[in-house]
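Here is a short briefing on one protein chain. Please look at the model first, then read the notes below.

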Amino acid sequence: MRSALVAWDFGRVSNLIRLRGSLRQDDLAQLTGLSQAFLSMLEAGSRRLTNIDRIVQFLSGLSVPAELVPLPLPRSTLTSSVHGSLPVPSDADPSLPWTTARMVAALDIAMEGSAMHRRGFLAAGGVALTAFVNQWDAAEAEPLHRAAEGSRLSQVLLGSLQHTTDHLRTMDATAGSGTLKALGDKHLSFLKHLAQDTSYDEATGRQLAAIIADTATQTGWFAFDSGDRDGTLGYLYAALRAAKASGDVRLGAGALSYIAIYGYSTGAPSRAVTAAQRAREAVGNLGTPALEAMLLTRQARGHAKLGERQSALAALGRAAELCAQGRSDRDPHWLYWINEGEIHGQAASCYLDLGDPRRAAESFTEAMKTLNPGDQRTKGLFLSRAATAHTAQGDLEAGCAVAHEALDLAEHLQSARFNEHVQTMLDQLSAADQSPYAQGVLERAIAMQGKRSRS
């Protein structure tokens, strides 16, 4: 790779990265913004990459360390090793066997690893993420059974453990993540203990792995919603390993859906599109319209962040069609929250990203009519964005009225992510602080902040 970079042999660079990461040319096209046809000709030697801007785009998309190329590439926040390799924790390497031991090791990294370990896989960028996604879909998992001397794992206990995960999920939707990450960690720790120290046959082991996958996905979401961006991906990668061990691709698709949210929320929308598309490919023949609809909204958000209006609207249209079909028996129980209101809300967020605040405001209004009543945090997110949409289209009175509704929820929701959206809403209104409507919202927000500080 070093010699290929020195020679500016970008066809060789492309080929080497694809072979190492088990990537397709379509994957590299998503990462670099170059077409699959151009990459094919580049690797074949019939085309060259000579434009400096496109070279920077190509190398940045592949997360090539800046110190290896004399070009203005963005530098990683982590220091590369002496050999120029990225500090990916060995147990998180997607090319390693997808065994029970690796699943447990991934849980250890997520729950107890150092900041360097937890950020390591993230530092490897989109290539590593795409490689992990592809390996999850293609790799074979070992049969999961354990003939240990410990107590026999019972169905009663498994049912209770799944109930605990479901209860944590409901608490999050109702009141925000708050301290739920700590509870998720404790639950995962006990599940890990059962995986290591009890005896079970293969069917029971797969059930246990499924609960681990579900819980790790939820805990990763708790980390993200509470503002712990560095720790989020570790849980989601552990969830992918556990989903593979369980044999339930729906759980893997669920983890990928949160990886997609992470991508479009942290400046990597192309990775969101990739994760959602791979998940859809995996579940496409299962007859799960609600799951596919949810994944399409994640893909649409990625397209919207990229400014790809037609692709975003096409994904949203298909999501609405699937949602209208209703849930099937094959749709997972943890996806109870997908309904028409969620589709409208995600469409509204896409319109906002696409610079169409009028249609965003209309769609947010529709979302509020049919959103699940218990999803208070989602309602708060939609309200804060709706206020932004109304204000952006010049309807300050409506924007401030909706802003007050968002502040009503901000008084009891515990979500760093929601708070960020509220702050964006307030920053926008501060530009119109001469308006009595805006003044009322800003003064209330200051009073709420003072109340929190005193408490």
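This is a predicted model: local features need pLDDT of at least 70, side-chain atom pairs count only at pLDDT 80 or more; totals for chains, interfaces and linings use all residues.

The chain has 22 helices and 0 strands. A search of the whole structure finds 21 salt bridges. Asp-375 is buried but takes part in none.

**Overall picture**
- Of the chain's 455 residues, 53% count as buried.
- Among contacts with a separation of 6 or more, 71% are between residues 24 or more positions apart.

**Asp-214 and Arg-169**
- These two side chains form a salt bridge, at 2.8 Å from N to O.
- Asp-214 sits in helix α11 (residues 202–225) and Arg-169 in helix α9 (residues 155–175), so the pair ties together parts 45 residues apart in sequence.
- Asp-214 counts as buried because its relative accessibility is 4%, under the 20% cut-off.
- Arg-169 also counts as buried, at 6% relative accessibility.

**Asp-225 and Arg-377**
- A salt bridge joins Asp-225 to Arg-377, with the closest N and O atoms 2.9 Å apart.
- Asp-225 belongs to helix α11 and Arg-377 to helix α19, so this pair ties together parts 152 residues apart in sequence.
- Asp-225 and Arg-377 are both buried.

**Arg-301 and Asp-353**
- The side chains of Arg-301 and Asp-353 meet in a salt bridge at 3.8 Å, N to O.
- Arg-301 is in helix α15 (residues 289–305) and Asp-353 in helix α17 (residues 340–353). The pair links distant parts of the chain, 52 residues apart.
- Arg-301 is buried, with a relative accessible area of 5%.
- Asp-353 counts as partly exposed, at 30% relative accessibility.

**A salt-bridge network**
- Arg-24, Arg-278 and Glu-281 are linked in a network of salt bridges.

**Asp-375, buried without a partner**
- Where is Asp-375 placed? Asp-375 lies in the loop between α18 (357–370) and α19 (376–392).
- Which side chain of opposite charge is nearest to Asp-375? That side chain is Arg-377, 7.1 Å away.
- A salt bridge needs a nitrogen and an oxygen within 4 Å, and Asp-375 has no such bridge.
- Arg-377 does form a salt bridge with Asp-225.
- Leaving aside neighbours within four places in sequence, Asp-375 is in contact with Ala-173, Tyr-336 and Trp-337.

Key
Residues are numbered from 1 along each chain as its sequence is written. Side-chain values use heavy atoms; hydrogens and water are left out. Helices (H or I, at least four residues) and strands (E, at least two) are DSSP runs, numbered from the N terminus. Buried means under 20% relative accessible area, exposed over 50%, partly exposed in between (1.4 Å probe, protein chains only). Lys and Arg count as positive and Asp and Glu as negative; His and the chain ends are not counted. Contact means heavy atoms within 4.5 Å.
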